[in-house]
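Dear colleague,

Please find the structure below for your study. A short account of the findings follows it.

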Amino acid sequence: MECGDWSPLSQPRLVAANGKAPASWRTPHRRALVLTSVFCLLTSTAFARINVVTLPDRDTVQLTIYNSADLTLVKETRHLTFRKGLNKLEFSWANTLIDPTSVEFRALTHADAVEVLDVSFPPRVTNTLEWRINSEVAGDVVCEIRYFTSGISWSADYVAEANKAEKLMTLAGHVRVNNNSGEDYENAQIRLVVGVIRLVEEIAVLAQGAGTKLPMSAMRRDKNDMRVEALGGFGYKVKEAEERPREIVKEGMSEYFLYTVEGRDTIPTGWSKRLPSFRANDVPVTSYYKFEKEQWDDAVIRFYRFANDKESQLGNEPLPDGDVKAFRIVSGDSLLNFVGATSVKYIPIGEQVDLELGADQDVMIKPTLMDWRKQDIRFDEWGNVVGWTVKEQWQFELQNSKDIDVVLDIRRNFDGDWDLKSAAKYEQVDAQKVKFILPLAPRAKQTFTYELRTRYGTSVTK
Amino acid sequence: MARVSRSSSVGQALRLPLLAIAASGALALQFLAGCATPQVDRPAAAQQIFSAAVKAHNDRKFDAAAAGYERILRQYRDQPGWCAPALRSLGNVRAAQGQLAESIRLYDRVGREYATYDWEVLQAWKTAADLLWDAGREPAARVYYARIVQRFDKPAEPAVVQTIVRAAKSRR
């Protein structure tokens with residue numbers, strides 16, 4: 001009986017007649033799988049490597065990246081040409097961060113006729129396993145190999161472009177995928193999972209060879225739990241995604257959210273790639289300026305507020321945490337002015353978000369204490385002061401040097417038993433804080449005042 | 001001016017003319033810096049040696065590979081996470097060199113000296129068993145297959161381990 005073994009490298013290659021892999025195979029970043037073709041006799045213990053075959057590309061590669069656990073599920077399919085009888089397939093994880101205990105092989109076609117009989121570890125190479133596969137059929141079989149690796153991560157970032165009036169904006173999301181796994185992934189479909197995975201051990205430690213002291217079964221229990229979650233709904237979700245036109249597919253998976261990035265991309269190890277995630281136009285935005293002495297001293301801080309909901313042309317998915325750069329169109333030819341940068345936390349669907357974009361010199365708020373008096377002084381029977389009231393008169397100068405309307409949010413914090421009088425409209429935020437919301441026209445100056453009375457000692461009324 | 005490099009030995013440095021050291025504070029500082037022992041990241045250093053050895057191994061430069069693995073075993077005993085695969089890989093080298101008895105001895109040591117490193121132990125025992133089986137030493141091979149079954153025949157083990165256990169059962 002004949003047997004064959006394969007190496008599904010990403011490019012078709014020929015195997016030398018002596019069975020020795022050509023040097024070009026041993027490039028550091030394409031060593032996950034080594035496929036050679038041999039004939040052997042089951043009755044013989046010596047294999048004669050005599051055949052030459054054309055090796056198949058990876059047909060598909062799918063990366064599902066669990067950022068929170070430094071964990072990526074790699075699933076690849078290849079068309080392999082099996083011989084009837086015993087076949088051999090080598091898989092090497094040398095110089096990669098692949099978890100070798102997670103490697104699985106299965107036939108997607110002729111599944112009943114293809115069986116993995118054994119796994120061995122050929123001594124001539126290191127960090128390589130060899131599947132011994134029995135096939136009842138000769139010919140093409142679509143196979144899937146999947147495993148976990150660490151070293152692949154992703155991060156989100158956003159660009160907000162507000163219109164000149166800062167009433168609407170375009171919000172574009174991107175994801176940057178970083179591959180330091182030691183393996184190149186070509187034409188890979190990339191899926192990103194937002195959520196927290198529980199792992200007792202970092203896979204990288206094991207894959208690098210610095211094995212963990214924990215028994216495999218102890219480690220694996222949690223990995224398997226996670227794998228069930230990762231793979232349980234996987235087939236269904238993938239099928240669903242593949243039936244749709246090419247777009248970014250985002251799906252809820254209980255406590256996780258799955259983003260599928262449009263199209264396919266090649267991400268060599270050591271590289272990172274920024275991929276578009278979404279773009280929403282005409283997102284209503286509220287630009288406002290906050291002043292709170294206790295937080296920012298004398299600075300006036302610009303904010304953009306928007307909501308992750310359908311009314312705002314968003315709300316299709318939660319937005320993962322990431323950096324935001326904001327720009328404003330300042331001329332008719334869409335010249336952009338950098339407004340500021342910040343980072344946002346995870347934004348659930350329906351949630352409102354305030355982007356703190358830094359100080360703006362074009363808006364000035366200047367509080368001045370105009371008068372201070374201690375009055376209504378009370379004495380005890382021995383003439384000691386036991387109660388009094390402090391009255392403060394504050395004046396605020398406001399100046400808008402911009403050519404657009406602005407809204408000011410001025411916050412003041414008071415201690416103790418206080419009351420406030422002002423012609424300006426204000427809201428009480430809590431027991432110790434009020435806010436004045438004041439619109440200010442372009443190039444306008446304005447003042448407002450308030451009188452604060454704070455009672456002390458026996459004058460306290462509440 | 002005499003130059004004291006980082007690689008200069010203390011003995012050489014002490015032979016520097018005292019006058020020259022006294023004449024230059026900067027030179028004295030340079031001397032002290034040269035004598036300082038650099039902080040070494042030992043896991044990273046072991047990994048570097050292991051990676052080089054693996055490359056040599058896969059390039060079939062078995063002597064170079066063995067030297068690398070032996071160096072880890074000799075100099076990095078405090079890094080069992082690297083010693084365990086180094087010992088197993090040294091067994092692989094000896095097997096590839098046709099030294100069956102020596103390779104089996106090394107695989108056996110993996111199971112005894114790094115017993116908590118399951119994946120390394122499994123690979124070592126499995127390779128030992130297959131080598132013995134292929135060499136026609138079936139009774140000796142069965143000992144290792146039996147060990148594999150005894151230790152790893154658990155439903156929670158991953159697919160790759162379960163396949164190995166299933167095959168081992170058939171040869172026990």
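Chain B has 10 helices and zero strands, where helices (H or I, at least four residues) and strands (E, at least two) are DSSP runs, numbered from the N terminus. Along the sequence, chain B therefore reads α-α-α-α-α-α-α-α-α-α. This is a predicted model, in which local features need pLDDT of at least 70, side-chain atom pairs count only at pLDDT 80 or more, and totals for chains, interfaces and linings use all residues. Residues are numbered from 1 along each chain as its sequence is written, while chains are lettered from A and ligands numbered from 1 in the order in which they are written.

Chain B comprises 172 residues, of which 39% are buried (20 or more other C-beta atoms within 10 Å of the residue's own, with C-beta atoms placed from the backbone). Two residues are in contact if their C-beta atoms, placed from the backbone, lie within 7 Å. Of the contacts in chain B between residues at least 6 apart in sequence, 42% link residues at least 24 apart.

On confidence, pLDDT (the predictor's confidence in each residue, from 0 to 100) has a mean of 85 in chain B. Residues 1-19 of chain B stay under 50. Where pLDDT is low, the predicted coordinates should not be read in detail. The model has ipTM 0.77 and pTM 0.70.

In chain A, five strands make an open, mixed sheet in the order β16-β11-β10-β19-β20; strands pair if DSSP finds at least two bridges between them. Because β16 (271-284) and β20 (336-344) of chain A are at the edges with a single partner strand each, one side of each lacks a neighbour in the sheet. Strand β11 (residues 168-179) of chain A pairs with β16(A) in the antiparallel sense over 11 bridges, and N179(A) is opposite W271(A) in β16(A).

Yours sincerely

Definitions and conventions. A residue is buried if 20 or more other C-beta atoms lie within 10 Å of its own, exposed if 12 or fewer, and partly exposed in between; C-beta atoms are placed from the backbone.
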